[in-house]
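Try each task before you read its solution.

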Amino acid sequence: MNMGAGMTDQAPTDVLRTLAADKDPYVRVDVGRNAATPIDVLRTLATDRHPYVRGGVGRNAATPIDVLRTLATDRDESVRCAVGRNAAAPIDVLRTLATDYDKSVRRAVGGNPATPIDV
């Protein structure tokens with residue numbers, strides 16, 4: 001695996017920690033989506049100023065439930081959509097998002113295979 005200059009001897013989680021601080025938000029998005037990203041890094045990325053970084057964390061099945069609950073109330077609808085698409089999102093969160101004022105959030109919940117039929 002070619003990890004670039006300065007990362008060749010680092011453990012995979014150390015590489016993810018380094019990339020989580022990258023100045024390019026698109027790099028941080030991919031770190032947020034990565035199931036191998038350490039929980040503390042996901043928690044930090046969940047507070048990133050860029051909504052698409054927070055959305056990457058919201059889509060990650062490895063994101064802790066308390067973080068998903070927080071992201072489900074994010075001011076940006078794309079972040080709420082990401083949580084609505086996450087098959088690991090708790091049922092109560094999916095129920096809440098199913099009544100979101102934004103139709104794209106409701107659509108995301110409707111397309112989630114984990115959404116119960118009664119939602």
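**Exercise 1.** Leaving aside its neighbours within four places in sequence, which residues is Leu 45 in contact with?

*Solution.* First, know what you're looking at: this is a predicted model, where local features need pLDDT of at least 70, side-chain atom pairs count only at pLDDT 80 or more, and totals for chains, interfaces and linings use all residues. Residues are numbered from 1 along each chain as its sequence is written, and side-chain values use heavy atoms, with hydrogens and water left out.

Next, the rule: contact means heavy atoms within 4.5 Å. With those sequence neighbours set aside, Leu 45 touches Ala 20, Arg 28, Val 31, Gly 32, Val 53, Arg 54 and Val 57.

Now zoom out. Leu 45 is among the residues with the most contacts inside the largest nonpolar core, along with Val 31, Val 57, Leu 71, Val 83 and Leu 97. That core has 24 residues. A nonpolar core here is a set of buried Ala, Val, Leu, Ile, Met, Phe, Trp, Tyr and Cys residues joined through side-chain atoms within 4.5 Å. Among the elements giving it two or more residues are helix H1 (12–20), helix H2 (25–33) and helix H3 (39–45). Helices are DSSP runs (H or I, at least four residues), numbered from the N terminus.

**Exercise 2.** Is Ala 20 buried or exposed?

*Solution.* Start with the cut-offs: buried means under 20% relative accessible area, exposed over 50%, and partly exposed in between (1.4 Å probe, protein chains only). Ala 20 has a relative accessible area of 14%, so Ala 20 is buried. Ala 20 sits in helix H1. Leaving aside neighbours within four places in sequence, its contacts are Arg 28, Val 31, Val 41 and Leu 45.

**Exercise 3.** How are H1 and H2 oriented to each other?

*Solution.* Take the angle: H1 and H2 pack at about 140 degrees, with axes 8 Å apart. Axes are lines fitted to C-alpha atoms, for helices over the stretch in contact, and angles run from 0 to 180 degrees between N-to-C directions. Then sort it: under 35 degrees is roughly parallel, over 145 roughly antiparallel, 65 to 115 roughly perpendicular, and the rest oblique. H1 and H2 are therefore oblique to each other.

Who meets whom? Leu 16, Leu 19 and Ala 20 of H1 meet Val 27, Arg 28 and Val 31 of H2. By class, that contact has five nonpolar, no polar and one charged residues. For these classes, Ala, Val, Leu, Ile, Met, Phe, Trp, Tyr, Cys and Pro count as nonpolar, Asp, Glu, Lys and Arg as charged, and the others, Gly among them, as polar.

**Exercise 4.** At what angle do H2 and H4 pack, and how far apart are their axes?

*Solution.* The angle is about 15 degrees and the axes are 7 Å apart. That makes H2 roughly parallel to H4. From H2 come Pro 25, Tyr 26, Arg 28, Val 29, Gly 32 and Arg 33, while H4 brings Tyr 52, Val 53, Gly 56 and Val 57. These residues split into six nonpolar, two polar and two charged.

**Exercise 5.** Which residues of H6 are buried?

*Solution.* Go along the helix and you'll find Val 79, Arg 80, Cys 81, Ala 82, Val 83 and Gly 84 buried. The buried residues of H6 pack against H4, H5, H7 and H8. Take H8: H6 and H8 pack at about 10 degrees, with axes 7 Å apart. That makes H6 roughly parallel to H8.
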